[in-house]
Amino acid sequence: VGRCERFELFVAGREIANAYSELNDPEEQLRRFQMQQILQRSGDVEAMPLDSEFVKALEYGLPPTGGWGLGIDRLVMLLTNRKSIRDVIFFPF
């Protein structure tokens, strides 16, 4: 079974960033796409369609990959000592 590592960065009790590794096992990815097809046939509108081109690309080989996302709004909250995200974004909710 493929494994995806994930962590979150917290500073002063606030989440600042998310980081993760990508699933790059073609057999596991195909199995997950097939599970999504079963869900789709049972009426799940959010289920993902099978992406055979993506699986084929994985079969050629994908080195370990990952990514991270830094919440600029949350970083600004930290730097300006704001308690609410509404204090640092530029549009109303």
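Start by selecting strand β3 (66-70) and helix α3 (72-80), each of which supplies at least two residues of a nonpolar patch. Helices here are DSSP runs of H or I with at least four residues, strands are runs of E with at least two, and both are numbered from the N terminus. You are looking at a predicted model, in which local features need pLDDT of at least 70 and side-chain atom pairs count only at pLDDT 80 or more, while totals for chains, interfaces and linings use all residues. Residues are numbered from 1 along each chain as its sequence is written, and side-chain values use heavy atoms, with hydrogens and water left out.

**Stop one: the nonpolar patch**

Now show the side chains of W68, L70, I72 and V76, which form this patch on the surface and together have about 410 Å² of accessible area. Patch members have over 30% relative accessible area and no salt bridge; nonpolar side chains (Val, Leu, Ile, Met, Phe, Trp, Tyr) are joined within 5 Å, and like charges within 9 Å. The areas come from the Shrake-Rupley method with a 1.4 Å probe, and for residues only the protein chains shown count as cover.

Click on W68, which lies in strand β3. W68 counts as exposed because its relative accessibility is 62%. The classes are buried (under 20% relative accessible area), exposed (over 50%) and partly exposed (in between), with a 1.4 Å probe and protein chains only.

Next, turn to the charged pairs. A salt bridge here is a side-chain nitrogen of Lys or Arg within 4 Å of a carboxyl oxygen of Asp or Glu, and by this rule there are three.

Select R6 and E8 for one of them: their closest N and O atoms are 3.1 Å apart. R6 is exposed at 54% relative accessibility, and E8 is partly exposed at 32%.

**Stop three: helix α1**

Move on to helix α1 (residues 26-41) and pick E28 and R31, which sit three residues apart, so about one helical turn separates them. This pair forms a salt bridge, with 2.7 Å between the closest N and O atoms. Which class does E28 fall into, buried or exposed? At 5% relative accessibility, E28 counts as buried. R31, in turn, is partly exposed, with a relative accessible area of 37%.
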